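Colleague: I'm new to reading protein models. Could you walk me through a few features, one at a time?

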Amino acid sequence: MAETMRAVVLDAPGPPEALRIRDLPIPVPAPGQVLIRVKAFGINRSELHTRLGLAEGVVFPRVLGIEAAGIVEACPGGEFEPGQQVATLMGGMGRTFDGGYAEYTCVPAGQVIPFRSELPWATLGAIPEMLQTSYGSLTVGLDAQPGQSILIRGGTSSIGMCTTVLAKQRGMTVLATTRNPDKTEALHSIGVDHVLLDKGEVAPAARAIIDGGVDVALELVGTPTLPDTLRATRFHGVVCFTGMLSNQWTVENFYPIGYLPRGVRLAGYGGEAGDLPAAVLQDFLDAVAAGTVIVPISEVFTMDRIQQAHRIMESGSATGKLVVTT
């Protein structure tokens, strides 16, 4: 094995051009850690927040990346066998320690998920954080039940599209929003039943489709649209605040009685690797391989194009997941 690796390094917050590829020493795993040879990694809004200086607790320089998919290179504690296909995500990756934007990453064994698949690495790299967030939002945040209706605010994001896929597996009626009418067909193609053009208010349209309001709603845009999403939800329905595509995630002078519609419940979700059981990941991969589930990938990049990938993410023009292969 070589002694150095290529990695994307951020020395300090800045524009996409602040992301630089450098040669770094390959990490040496200690007992309880796993060295993974990264084959692909997804691009996430969390990394945009870090690059813009909005994340807390980050020490620079830092290799970004809150997820990766690859192969176990070394595992001194014996938790995983070398050569095993694995995914890793969250747990401080790319913030408190170097993450997945590299040819190798070294992570705690507890945040490594094994799988077996012959899918392309670009597809495998798109899935871990996207699936974990969508699955956790549906199960932990919303406790969504088969046959219910769901509004996905921010439907063309990777999380929004993945949640649509999982919701349709549960037989749910899916309403999803987009600000771009040109993306309507992309949403219908993954199973969205009703596409709502989001000009700032979608609650009246949602209530016209689902009498009394949707059973559950997933908020991925952030606090600017949250009040309207709450108004689209039925009495005793649940809204889960998961995403912040708007980069706005706090509500100033929050007064719950005045802010929350009567009887509507507000939850939040921000999970870790433990919220994605290995069996759930494997079942999803098997469904993708069988052709019964679609992975919403917008574009695949090489590491040399990391700056362009971040520009596209920041512009909001992607429809689905952005992925980088090593």
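Predicted model: local features only at pLDDT ≥ 70, side-chain atom pairs only at ≥ 80, totals over all residues.

Colleague: Let's begin with the helix. Which residues of helix α10 are buried?

Modeller: A residue counts as buried when its relative accessible area is under 20%. In α10, which spans residues 306-315, the buried ones are I306, A309, H310, I312 and M313. Looking down the axis of α10, you'd find those buried residues within an arc of 160°, so they line one face of the helix.

Colleague: And what covers the buried residues of α10?

Modeller: Several elements, including the strands β1 (4-10), β2 (19-25) and β3 (33-42). Helix α1 (45-51) is also among them, as are β15 (297-302) and β16 (321-325).

Colleague: Now the outside. Which residues form a nonpolar patch on the surface?

Modeller: That patch is made of L52, L54 and W249, and together they have about 240 Å² of accessible area. Take L52 as an example: you'll find L52 in the loop between α1 and β4 (62-63). Its relative accessibility is 32%, so L52 counts as partly exposed.

Colleague: Next, salt bridges. How many does the count come to?

Modeller: For a salt bridge, look for a side-chain nitrogen of Lys or Arg within 4 Å of a carboxyl oxygen of Asp or Glu. By that rule, there are 14 salt bridges here. One of them joins the side chains of D11 and R22, at 2.4 Å from N to O. D11 is in the loop between β1 and β2, R22 is in strand β2, and the two are 11 residues apart.

Colleague: Are D11 and R22 buried or partly exposed?

Modeller: D11 has 36% relative accessibility, so D11 counts as partly exposed. R22 is at 32%, and R22 counts as partly exposed too.

Colleague: What about E129, which residue does it form a salt bridge with?

Modeller: With K321, and the closest N and O atoms are 3.7 Å apart. This pair links distant parts of the chain: E129 is in helix α3 (residues 128-141), K321 is in strand β16, and 192 residues separate them. E129 counts as buried because its relative accessibility is 10%. K321 has 1%, so K321 counts as buried as well.

Colleague: Could you show me another pair?

Modeller: K168 belongs to helix α4 (residues 158-169), while D193 is in the loop between α5 (184-189) and β11 (194-197), 25 residues apart. K168 is partly exposed, with a relative accessible area of 30%, and D193 is partly exposed at 33%. Salt bridges can also share partners: that's how R153, D198, D228 and R231 are joined into one network.

Colleague: Last one, the cysteines. How many disulfides does the count come to?

Modeller: A disulfide needs a pair of cysteine sulfur atoms within 2.5 Å. The count here is zero disulfides. C106, for instance, is in no disulfide, and the nearest cysteine sulfur, that of C75, is 9.6 Å away. C106 counts as buried, at 14% relative accessibility.

Terms used. Residues numbered from 1 in each chain as written. Heavy atoms only, no water. Buried < 20%, exposed > 50% of the residue type's maximum accessible area, 1.4 Å probe, protein only. Helix = DSSP H or I, 4+ residues; strand = E, 2+ residues; numbered from the N terminus. Arc of directions from axis to C-beta. Contact = heavy atoms within 4.5 Å. Patch = residues over 30% accessible without salt bridge, like charges linked within 9 Å, V, L, I, M, F, W, Y side chains within 5 Å. Areas by Shrake-Rupley, 256 points an atom, 1.4 Å probe, with all protein chains shown as cover.
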